[in-house]
Amino acid sequence: MTALSKSWERAVVPLFILAAWEVFSRSGFLPAALLPAPSVVLHTWGDWIFGFDETSQGNTGRWLADALSSATRVAAGYGIAVVSGVLLGIAIGWWRWVERTVEPTLQMLRPVPPVSWIPLAIIWFGIANKPAIFLVFLGAFFPILMNTIHGVKTADRNLIRAASMMGATEQQLLRHVVFPAALPSIFAGLRIGIGAAWMLTVTAEMVAVKSGLGYVLWDSYYFLRYDLVLAAMASIGLLGYATDALIKVLMSAALHWQHGSTLQSREG
Amino acid sequence: MASIELRNITKIFRDAKRKRDLLAIDDVSLSVEKNEFLCLLGSSGCGKSTLLNMIAGFEKPTEGSVTVGGKPVDGPGADRGMVFQQANLMPWLPVWENVAFHLRLKGWRKADRRDAAQEYIDMVGLRGFENHFPAELSGGMSQRVGIARALLLNPQVILMDEPFAALDAQTKMDMQEELVAIWQKQRCTVVFVTHSVDEALVLGTRVAVMTSRPGRIRELIALDLPRPRDTTGPRFNDHKRHILNLIREEGLQQRQAAVA
């Protein structure tokens, strides 16, 4: 009963917005092409996914392929960012000499917005997957790196003392103490990073790639198909939400030991 | 052969910010016999923890030498077990994994670690809490895990840095009793740092009363009181009066020195 009423609570606001939007679009206050009604968007989206009546024209039935090519770029760029960001972050947080030699350079690169790399990315990698993967990497790398460094630096020194008293080598300290201690912070970086990853895939696809959800979005804009633009926006939002939810599931599995000891754990 | 040998230890902390040197420990020599339970007693800031940290290998003496079992100490290691003021358990590991952490470092298989941990979990009375996480334990239980973890190393020497200071009076008494029982059973050398006269007298076979800043050993008192110790008996109180007088004199001298 309470679970049901709770899920109902969640649905109230979106349902209200959708209904108001539908009414407003059908009222003829604006030309229907400028703000397509939700029912129209849903119809076009359906055709884009299942290809039943070609309302989405050339895109009919191609949604899965588009979504997959976007998701592949996110996965590749994000994967590289996770591995390099976590490893480098641990090294910078742990060894002073790495911090002194490497960190200043990274800190200078960090304020440069990833999108401003687009021209160079296209020159270096051409129009294909690579520039998009490069941008996704740039977007996800820095939040993951910064949060990992923070996590390592705020690891409890006493745990390190306790472990070295039990004979831990430096490598074992990193693996068995510093890494798990930094994990809550690393996960915070992973969640910020996945948002940036989707943002940059779509941006890259608008400019530097000829496939994917971002490409369909931008292409439909040229052809004045705002119903497709909205369907693409909704698709990106949905996939972004799904990947974030996946990371949250991984996080609560990896950080189950925090259960009951942090504010965050109240949610679960 | 002495288990722990401190020879002419001097420790000077260099305060770089204020360009001043602080003499924390001044020429301390001390030998702890095998199976002895030595309490280092002193007020806060007297250097008793610094002395313990030198035996642990976290700090190096400015002058002098520390040997454990005849070998010079050159860093922390699993030949000495340490129990800290805070339990310092890995919050991501359940109780049994914390107890067996040393075996994890040695690459033992999970099932073997689990088996090995049980003996020590039982010893400190935590059966039934094997799969609890540190966040779910009380302060006293956490310290029990810390003690079990140190015992599992099967060390010649256990170093304890005010492990019961943060516990309530009742829990503290229980823990002291159990610690004595474990020490009697395990037959190991214990160096126990405390600022409580009562605690030192309940636990120790010897008490080293330290002066404060610079830390010196004011007096070494051998306790031949029968166990369990009667904290209200006349002999216990004779010792207590004597130590309190030492501490009072010490405080008086310090204040006079400060005035002069």
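Trainee: Why is strand β3 (residues 37-41) of chain B largely enclosed by the rest of the structure?

Mentor: In this predicted model, five of the five residues of that strand are buried, so the strand is largely enclosed by the rest of the structure. Buried means under 20% relative accessible area, exposed over 50%, partly exposed in between (1.4 Å probe, protein chains only). Strands (E, at least two residues) are DSSP runs, numbered from the N terminus, as are helices (H or I, at least four). Residues are numbered from 1 along each chain, and local features need pLDDT of at least 70.

Trainee: Which residues cover each face of β3(B)?

Mentor: B:F37, B:C39 and B:L41 lie on one side, with B:L38 and B:L40 on the other, and all are buried.

Trainee: Which strands pair with β3(B)?

Mentor: Two strands pair if DSSP finds at least two bridges between them. Five bridges join β3(B) to β8 (residues 189-194) of chain B, in parallel; there, B:C39 has B:F192 as its bridge partner. With β9 (residues 206-210) of chain B, β3(B) pairs over four bridges, also parallel, and B:L40 is partnered by B:A208.

Trainee: How many residues does each chain give to the contact between A and B?

Mentor: Contact means heavy atoms within 4.5 Å. Chain A gives 18 residues and chain B gives 22 residues.

Trainee: How many salt bridges are there between chain A and chain B?

Mentor: A salt bridge is a side-chain nitrogen of Lys or Arg within 4 Å of a carboxyl oxygen of Asp or Glu. Between chain A and chain B the count is zero.

How values were computed:
Chains are lettered from A and ligands numbered from 1 in the order in which they are written. This is a predicted model: local features need pLDDT of at least 70, side-chain atom pairs count only at pLDDT 80 or more; totals for chains, interfaces and linings use all residues. Side-chain values use heavy atoms; hydrogens and water are left out.
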